[in-house]
Amino acid sequence: MEYLSNILFALILLLGVGYFTRNVKRLIRNINLGQAVDVNDNKSERWRNMVMIALGQSKMVRRPIAGVLHVVVYIGFIIINIEVLEIILDGLFGTHRIGLKLLPLGVYGFLIGAFEVLACLVFVSVIIFWIRRNVIKLARFWKSEMTNWPKNDGNIILYFEMVLMTLFLVMNATDVHFQALNSGNIVSQNIVPLFGSASEGTLHIIERSAWWLHIVGILIFLNYLYFSKHLHILLAFPNTYYGSLKPKGAFNNLDSVTNEVKMMMDPDADPFAVPAEDAEDEVPAKFGASDVQDLNWLQLLNAYTCTECGRCTSECPANQTGKKLSPRKIMMDTRDRMEEVGKNIDANNGEFKEDGKQLLDDYITKEELWACTSCNACVETCPVSIDPLSIILEMRRYLVMEQSAAPSELNNMMTNIENNGAPWPYNQMDRLNWKNE
Amino acid sequence: MSEVLKVPTMAEFMAQGKQPEVLFWVGCAGSFDDRAKKITKAFVKLLNKANVEFAVLGTEESCTGDPAKRSGNEFLFQMQAVTNIEVLNAYEVKKIVTACPHCFNTIKNEYPGLGGNYEVMHHTQFLKSLLDDGRLTVQGGQFKGKRITFHDPCYLGRANNVYEAPRELIKKLEAELVEMKNCRRNGLCCGAGGAQMFKEPEKGDKDVNVERTEQALDIKPEIIAAGCPFCNTMMTDGVKAKEKENDVAVMDVAELIANAQDL
Ligand code: SF4
Ligand code: SF4
């Protein structure tokens, strides 16, 4: 009987970590639905970006209030989780506060004291976040894509954090032995009076409950990530590592098009020549993207990383002037469609079964795509190096090259370029006339 | 103005067996748009004044393909790019200056992958280098003390991180440089990029250029300085829409420098 709680603990832990692992595998499988893209260059610059942007939060603090609060929650959350290590060891070995046996009292007290202070700061920051979302109602949290799940998700995460921090402090406050040590209880000692009249037995029950709820809560939170914008706490790292190193104005040149253009322009090219060994798989089935499988895996990773903070949308000139386009929605739609495709694959024994839907039209409309000015404001502002513009461009490519579905004025412009070498109907031979006007 | 502009072509240089110091890529707007042609001429006057040996491609120049690429027509873009690169490489062009940030961005960032490798400068960077080298001097002249704000073109600023060259030129005019609420990397687009210039905007509650012009008017400038022919058009239209064309002028940085010299 005495090992019952250890076994129960091990089971819960296994379940939590196991389910999480399963979802991580699914996540990787979905990201790999995307096309290949080469990002193996400049490793040192990439590491630097990751350290600066993800670890150092350099872009978060560009908006100082949200930025500083976020840094508090982020640091607090990471550091307090060291405490989870102790909980796991205690749970598995049936010990109580194993840290006290491993560390000198002063050190242990200092650590727990620091956790308590951080827990308090996190709690306050999270409350302010909640107020910004729900009372002040910052515009970027109330755009049309932020209804239902995305809206609830944002709040659920905040509640989770409030509850976890509370449980941690209650657990310490009701731990009679810990309080008796009088070291590291810098915050929790102030909560003790709340339980003033409780007997030692009751306190013990409360302490045990808080302890169990804390660890179970953390495991639930871990598994909640996959369904939430909170996935960014993990994916921000690879995403900033793989983020583009090129000037933002540089759009990729499609190699498949280059091959065809070279053929067309080269009078010596033999159209019947045997293609080179790997040329076969270089020519994609189609130009541009109409669905998530046409995007590259980095764009799909971007979609899972998006925190739905809406900084991109708040900077977008199209969105600011009432157009339908919202770069955040582009990312959310991509993720939703990717999830849909993933579930389809799971339901059909690993094969995608045509479902008559696609990213284009069913999620992202042409009206949104054509409203983009390619100004890069969204890319510049994203705190985790997401590039919504690259998805917009890829979908425009599909519309134009596969469907000839550009707005008619753009077709005119392109016909002019083809015929006169200028977007307007002027003759190329008149190009230098300005000199004498 | 009666003085004649010296605008030699690459073909003429070639005929004499010479290479110019730099190729001036005029761009479609700079060649055909009435407003932008004035910018082209102002820049040429400055090049002439500084005795820069430059050349243009003239009738051999063709659209860089930027609006086609941003529209999604990669075929047309690459056709244009490959054609232009053939011409540029045949003339062994090493250095290019242009007054259009779109041409600047495309040639600088998207041509190298297709075989076109050049040193590319925006005209504000080039003018700044002429000033730094003492080949051109500026006094404030008529712009001394004027309130001037600079509108960052997306394809110069965010796209290529060039924020200071145009501002330093404006400061040289001894003008009072004032910044809009959104400037430098936070600069708000004029609404023309991504081929928007060539189509009606999507349904919304405002035009982007009006929004941007309002930001500019908020800080009460006498002049809105631009560094892009398309921004110039958009901001000019915005100022007209706000009926402020008698109070606020929209001018390219090159025009400011040229006018300060009474060129
Ligand atoms: S690049 Fe397009 S989507 Fe991004 S901010 Fe600019 S207009 Fe909006
Ligand atoms: S793309 Fe970036 S800026 Fe936009 S909502 Fe997602 S995380 Fe925020």
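Mentor: Let's start with a word we will need: a residue is buried when its relative accessible area is under 20%, exposed when over 50%, and partly exposed in between, with a 1.4 Å probe and protein chains only. This is a predicted model, in which local features need pLDDT of at least 70 and side-chain atom pairs count only at pLDDT 80 or more, while totals for chains, interfaces and linings use all residues. Residues are numbered from 1 along each chain as its sequence is written, chains are lettered from A and ligands numbered from 1 in the order in which they are written, and side-chain values use heavy atoms, with hydrogens and water left out.

Trainee: Is Arg46(A) buried or exposed?

Mentor: Arg46(A) belongs to helix H2 (residues 43-55) of chain A; helices here are DSSP runs of H or I with at least four residues, strands are E runs of at least two, and both are numbered from the N terminus. Contact means heavy atoms within 4.5 Å, and beyond four places in sequence Arg46(A) touches residues including Asp41(A), Tyr241(A) and Tyr242(A). Because its relative accessibility is 3%, Arg46(A) counts as buried.

Trainee: How much area do chain A and chain B bury between them?

Mentor: Buried area is the accessible area (1.4 Å probe) that two parts lose on being put together, summed over both. The contact draws on 59 residues of chain A and 71 residues of chain B. Carbon and sulfur atoms carry 62% of the buried area, and the total is about 5,700 Å².

Trainee: What distance separates the centres of the two domains of chain B?

Mentor: The bounds come from an automatic or database domain assignment, which divides chain B into domain 1 (10-130) and domain 2 (137-260). Their contact takes 26 residues from domain 1 of chain B and 28 residues from domain 2 of chain B. Taken over C-alpha atoms, the centres of these domains are separated by 22 Å.

Trainee: Why is helix H9 of chain B largely enclosed by the rest of the structure?

Mentor: The buried residues of H9(B) pack against helix H15 (317-320) of chain A, along with strand E5 (147-150), strand E7 (223-226) and helix H10 (229-241) of chain B. Among those buried residues are Val208(B), Glu211(B) and Arg212(B). Helix H9 (residues 208-218) of chain B is largely enclosed because its buried residues number 9 of the 11.

Trainee: Which residues have the most contacts inside the largest nonpolar core?

Mentor: A nonpolar core is a set of buried Ala, Val, Leu, Ile, Met, Phe, Trp, Tyr and Cys residues joined through side-chain atoms within 4.5 Å. The largest one has 123 residues, and the two with the most contacts inside it are Ile96(B) and Tyr118(B).

Trainee: How many charged residues does the shell around ligand 1 have?

Mentor: A residue is near a molecule if one of its heavy atoms lies within 4 Å of it, and those around ligand 1 include Cys316(A), Cys372(A), Cys375(A) and Cys378(A). Asp, Glu, Lys and Arg count as charged; Ala, Val, Leu, Ile, Met, Phe, Trp, Tyr, Cys and Pro as nonpolar; and the others, Gly among them, as polar. The shell around ligand 1 has 9 nonpolar and 3 polar residues, and the number of charged ones is none.

Trainee: Which helices of chain A each supply at least two residues of the shell around ligand 2?

Mentor: Ligand 2 is surrounded by 13 residues, with Cys306(A), Cys309(A), Gly310(A), Cys312(A) and Cys382(A) the closest. By class, this shell has 8 nonpolar, 2 polar and 3 charged residues. The helices are H14 (311-315) and H16 (327-347).
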